[in-house]
Amino acid sequence: MRPFSFTSTPIDTAAGRESLADRACGGYATFEGWVRDHNEGRAVRRLEYEAYAALAEREGERIVAEAIARYGVQHAACSHRIGDLALGEMAVWVGVSSKHRSEAFAACRYIIDEIKSRVPIWKKEHYVDGDSGWVNCERCAQPGEHEHTRQQHAHDYSRQIALPEVGLAGQQRLRDGAVLVIGAGGLGVPVLQYLAAAGVGRIGIADGDIVEASNLHRQPLYGVGDIGTSKAVVAAARLRDLNPQGTVAVHAERATAANLGDWLARYDLIVDCSDNLATKFVVNDAAVSLGKPAVFASVYQYEGQLQVYLPREDWPCLRCLWPEAPRDGLVGNCAQAGVLGPVPATLGAMQAMQVLKILLGLPVEPAPALHVFDLLGMHWRSLKAARNPGCDHSPRDLQRPAVDAEAMELEFATLAAARASGLTLVDIREAWERASDDPAAQIEWHLPLSVFMQGTVALPRDGRYLVVCAHGVRSLALTEHLRSLGYPTVYSLTGGLAAF
Amino acid sequence: MRTITLQYFAVLREQAGCSEERVTTTAATPAELYDEASRKHGFTLPMSMLRVAVNEEFCDWSTPLAPNDRVVFIPPVAGG
């Protein structure tokens, strides 16, 4: 049955009811409009309905779509008679099925009221005294008299339903969709907001971090009052407010190879909005092994990269592109890189777009590619990527060999205490990072990471070293690297010089 | 000698001090070209951590270069 139709024969309510039946629904509400024997004091003998069918059907379908979106009901339909009707005959039928009764009643009421006020239908009343007259149904209802509760004002998706690629069926697909978002930071915030606003039915937020003051410039979902609170918890509360029709699940911890598989099993696809390579590869492995699409993005200063993985034989995964999962800290320069809010916001909005396309069943892109954006120079390159024959799409261990990061990090209360430990301190910050009055100027060895990476530094292997950088990210990466090269007594200063 | 357009991203762009340049080179492959650019700009990333694309398509480091090719060196980025 079409969402809105005209019929010149009696309305088949049984067929209408059948078309709305759904085991997910716990309620079914209907309204029937009958031809009565009087109107405004005059006895009526019969009625004649006429409609401008092309326009009326379009408007009728729009009203049904609005009711579904506005009240979050599962299904709705309306059928209207045209032509001659006798007393007692059914002139209009509205049916709604939904999980719960209250929205079924509300949506049913909305449809009949809006049909009567907006759809171009005229009725000619034939009176008992032989007279007759046309009555435009516009008189029958006052627009805007629906109850103004929070639930009913929640959302109106009509502006996206109006798109031919979305429509009612697409909106239903979004409502049935379940998306897991890893990271609720600069990328995750727009992803979460646009998915919730578009009516994605179930969203999971995974983030183990708390809101920090330095996040706010690029994560405007959070406010100063949220500082110190779990990002996932705050984001979930905002999304519930943004769209009470959806459900939001919180995973307030970092995604790891140990927990992600269990989480992802309950979702249709995963969005990687994390800020580190280790997590991105964990996300890739979970998506590939469970056969779910993944939408990746990363930013660096003014640049961003976007890549979609689809579970298809010919489609490259993240490891096809980066066979040597690079270590965090060895690429880029940790916390100093800097970023302007619109850069992750742009990439996050693009991720949300790709997610909606996947949920809607639209083509995601003509061919697999890594899209590279430079928002300073305003370049966008789509670099075609192919399945790497050397990649078997199977998960691999990220930490090679399984080393215990804790055993590689040492914590000291002061720089003096570190110096007194007997370890040789090695400052790997670049020259431009060191101020002239830097307390770390007392450190004997300054060997920038970039020099190490060129492979020209030869440290005595039997030395005992404490590697130091600004925040402890690069120093840990280099420590891991040196350990794997056979330096047994290299350590990283926990938290870097910023810890003092 | 062939003229190639080179494009840099992320940390390579910072180290090169530009996002794009045209070079005239004897390099026959992206690998040779990266060596050459590394010496010129002091790139710190080893080739093993990068990917290269020629004419908007990822390829091997040993793919032969042709005049007027457009070569992009891409490091992985992780910010979010």
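**View 1. Confidence along chain B of the predicted model.** In chain B, the lowest confidence falls in H1(B), with a mean of 86, and the highest in strand S2 (residues 20-25) of chain B, at 95. The score is pLDDT, the predictor's confidence in each residue, from 0 to 100. Chain B has a mean pLDDT of 91, and 100% of its residues reach 70 or more. Helices (H or I, at least four residues) and strands (E, at least two) are DSSP runs, numbered from the N terminus. Residues are numbered from 1 along each chain as its sequence is written, and chains are lettered from A and ligands numbered from 1 in the order in which they are written. This is a predicted model, in which local features need pLDDT of at least 70 and side-chain atom pairs count only at pLDDT 80 or more, while totals for chains, interfaces and linings use all residues.

**View 2. The contact between chain B and chain A.** Chain B gives 22 residues to the contact and chain A gives 37 residues; two residues are in contact if their C-beta atoms, placed from the backbone, lie within 7 Å. On the side of chain B that touches chain A, helix H1 (10-16), strand S3 (51-54), strand S4 (57-59) and strand S5 (70-74) of chain B each supply at least two residues. That side of chain B has 14 nonpolar, five polar and three charged residues. Here Ala, Val, Leu, Ile, Met, Phe, Trp, Tyr, Cys and Pro count as nonpolar, Asp, Glu, Lys and Arg as charged, and the others, Gly among them, as polar. The model scores ipTM 0.83 and pTM 0.65.

**View 3. An open sheet in chain A.** Four strands form this open sheet in the order S1-S5-S7-S2 (chain A), with mixed pairing; two strands pair if DSSP finds at least two bridges between them. Strand S1 (4-7) and strand S2 (27-34) of chain A are at the edges with a single partner strand each, so one side of each has no neighbour in the sheet. S1(A) and strand S5 (residues 75-81) of chain A run parallel and are joined by four bridges. A:Phe4 has A:Cys78 as its bridge partner in S5(A).

**View 4. Two helices of chain A that cross.** The axes of helix H6 (residues 188-198) and helix H11 (residues 342-360) of chain A come within 7 Å and cross at roughly 40°. Axes are lines fitted to C-alpha atoms, for helices over the stretch in contact, and angles run from 0 to 180 degrees between N-to-C directions. Among the residues making the contact are A:Tyr194 of H6(A) and A:Val355 of H11(A). The contact of H6(A) with H11(A) has 11 nonpolar, three polar and no charged residues.
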